[in-house]
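Here is a short report for a reader who is meeting this protein for the first time. Please look over the sequence and the model, then read on.

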Amino acid sequence: MNSEANAGKSKKPVLKGYTLKELKEYFTTIGEKRFRGEQVFNWLYRHLIDSYDEMENVPKVLRQQLNETTGIINRLKLISTISSPQTGTTKYLLETLDGHKIESVIIPDEKRTTLCVSTQAGCPLDCKFCATGLMGYKKNLTSGEIFDQFKFASKEYKEDSIKNIVFMGMGEPLLNYDATVKSLEIFGEELTTQLRMRRVTVSTAGIAPKIMELADTGLRVKLAFSLHSCFEDVRSRIMPINDKYPLRDNLHAIRYFTKKTHSRVTFEYVMISGVNDREEDFKELVKLCKSLPCKINVIPFNSLEHMNPTGISAELQPSPYERTEAFVQALRDQNITVTVRYTQGEDIAAACGQLAITEENNTYSSVK
Ligand code: SAH
């Protein structure tokens with residue numbers, strides 16, 4: 001067993017997760033040339049190597065030194081995978097070195113394959129419709145742990161066709177802001193040539209000041225916002241974070257983001273019967289959509305019944321299929337761009353928004 005596995009308390013610097021700039025700095029502080037940083041960056045994030053011994057253009061003595069003085073390269077262990085034969089969706093159950101379980105999902109598609117990554121083990125937000133919310137919060141992932149989900153998927157998923165990376169797995173990326181941004185920097189780096197053409201989307205339940213900060217980073221990243229209701233009171237009922245960062249503030253931040261990045265926001269909208277699929281919900285949504293550059297991703301609600309929820313969560317039911325269809329059609333009639341996908345394999349958010357692992361018995365309890 002490696003020494004880090006016990007506690008994750010190792011004082012050794014962990015290079016996996018360092019940005020290019022940080023790696024260059026690191027090598028100068030240990031008396032090496034800056035270009036070593038670039039070389040190591042390539043090995044870590046482009047060639048996805050598992051050990052320092054594989055870094056052929058790094059002198060043997062330095063490799064040995066890195067072996068002894070820095071943390072081990074692989075930050076995650078693969079526990080199991082589940083694949084859907086119909087859709088090809090594959091879920092990876094992974095474990096951090098300090099023993100926390102997380103999940104990532106590969107969603108194949110003819111045009112582009114999507115990887116959905118987690119940014120936290122569990123989630124502190126307690127959204128009433130979300131399986132991850134029910135399992136509570138365990139920890140923030142490090143940038144290395146976020147990146148290594150990509151490493152796993154791209155090594156296992158041989159075709160190297162992961163064109164989209166969505167930060168829509170477990171957790172709230174903007175509550176783990178620094179690690180999220182570092183991993184975005186790594187994914188966006190020119191040197192990581194395989195990754196250059198990829199599109200990265202960060203999905204948030206709405207941490208308004210961090211949306212603005214993200215806009216100011218200048219990173220080429222798309223924003224998805226879990227809207228789910230245009231009414232403050234309804235939103236607060238199903239998403240308690242709305243009390244701290246009300247929709248009003250988030251919309252202000254989103255407008256700032258779209259202007260600053262010249263992009264449009266994707267509003268995610270999980271259809272919950274009687275909660276956000278009424279006539280008045282439709283009207284407000286249309287008003288909102290006409291007021292800023294956006295598209296809507298309508299998501300059928302995946303019931304939480306398998307989690308035995310209590311309180312409000314137990315009351316939430318999916319909108320009937322016909323109502324969802326009518327809602328979507330009515331939005332389209334208003335010239336609003338809407339994507340909606342009914343099967344789990346195709347539906348990024350549904351596949352991602354269902355992640356939960358029961359720690360007590362280690363049951364892998366994600367959807368069938
Ligand atoms: N915290 C971030 C990212 C994780 S959730 C966020 O809130 O955006 C990723 C997406 O899955 C969100 O749009 C979320 O609302 C959706 N989701 C969560 N639970 C779901 C469920 N039971 N059925 C369908 N989508 C769900």
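Ala153 sits in helix H6, which covers residues 143-156. Helices (H or I, at least four residues) and strands (E, at least two) are DSSP runs, numbered from the N terminus. This is a predicted model, in which local features need pLDDT of at least 70 and side-chain atom pairs count only at pLDDT 80 or more, while totals for chains, interfaces and linings use all residues. Residues are numbered from 1 along each chain as its sequence is written, and side-chain values use heavy atoms, with hydrogens and water left out.

Is Ala153 buried or exposed? Ala153 counts as buried because its relative accessibility is 0%. Buried means under 20% relative accessible area, exposed means over 50%, and partly exposed lies in between (1.4 Å probe, protein chains only). Not counting residues up to four places away in sequence, Ala153 touches Tyr92, Ile106, Leu115 and Ile162. A contact means heavy atoms within 4.5 Å. Ala153 and Tyr92 are 61 residues apart in sequence, yet their C-alpha atoms are 8.0 Å apart in space.

Lys151 lies in helix H6 as well. With 5% relative accessibility, Lys151 counts as buried. Leaving aside neighbours within four places in sequence, Lys151 is in contact with Lys16, Leu48, Asp50 and Asn74. Lys151 and Leu76 are 75 residues apart in sequence and 9.6 Å apart in space, C-alpha to C-alpha.

## Salt bridges

Lys151 also belongs to a network of salt bridges, together with Asp50 and Lys155. A salt bridge is a side-chain nitrogen of Lys or Arg within 4 Å of a carboxyl oxygen of Asp or Glu. How many salt bridges does a search of the whole structure find? The search finds 18. Three pairs are listed here.

| Salt bridge | N to O distance |
|---|---|
| Asp98 and Lys139 | 3.4 Å |
| Lys128 and Asp126 | 2.6 Å |
| Asp249 and Arg248 | 4.0 Å |

The salt bridge between Asp98 and Lys139 links distant parts of the chain, 41 residues apart. Asp98 is in the loop between strand S2 (90-96) and strand S3 (101-107), and Lys139 is in strand S6 (residues 137-140). Asp98 is partly exposed, at 31% relative accessibility. Lys139 is buried, at 13%.

The other two pairs can be described in the same way. Lys128 counts as buried at 17% relative accessibility, and Asp126 as partly exposed at 30%. Asp249 is partly exposed, with a relative accessible area of 33%. Arg248 counts as exposed, at 58%.

## A positive patch

Which residues gather in a patch of positive charge on the surface? They are Lys111, Arg112, Arg199, Lys222, Arg264 and Arg341. Patch residues have over 30% relative accessible area and no salt bridge, and like charges are joined within 9 Å. Lys222 is placed in strand S9 (residues 222-226). Lys222 counts as partly exposed because its relative accessibility is 38%.

## The whole protein

The protein has 15 helices and 14 strands. Of its 368 residues, 54% are buried. Among contacts with a separation of 6 or more, 66% come from residues 24 or more positions apart. Accessible areas come from the Shrake-Rupley method with a 1.4 Å probe.

Key
Patches are made of residues with over 30% relative accessible area and no salt bridge: like charges are joined within 9 Å, nonpolar side chains (Val, Leu, Ile, Met, Phe, Trp, Tyr) within 5 Å. Lys and Arg count as positive and Asp and Glu as negative; His and the chain ends are not counted. The place of a charge is taken as NZ of Lys, CZ of Arg, CG of Asp or CD of Glu.
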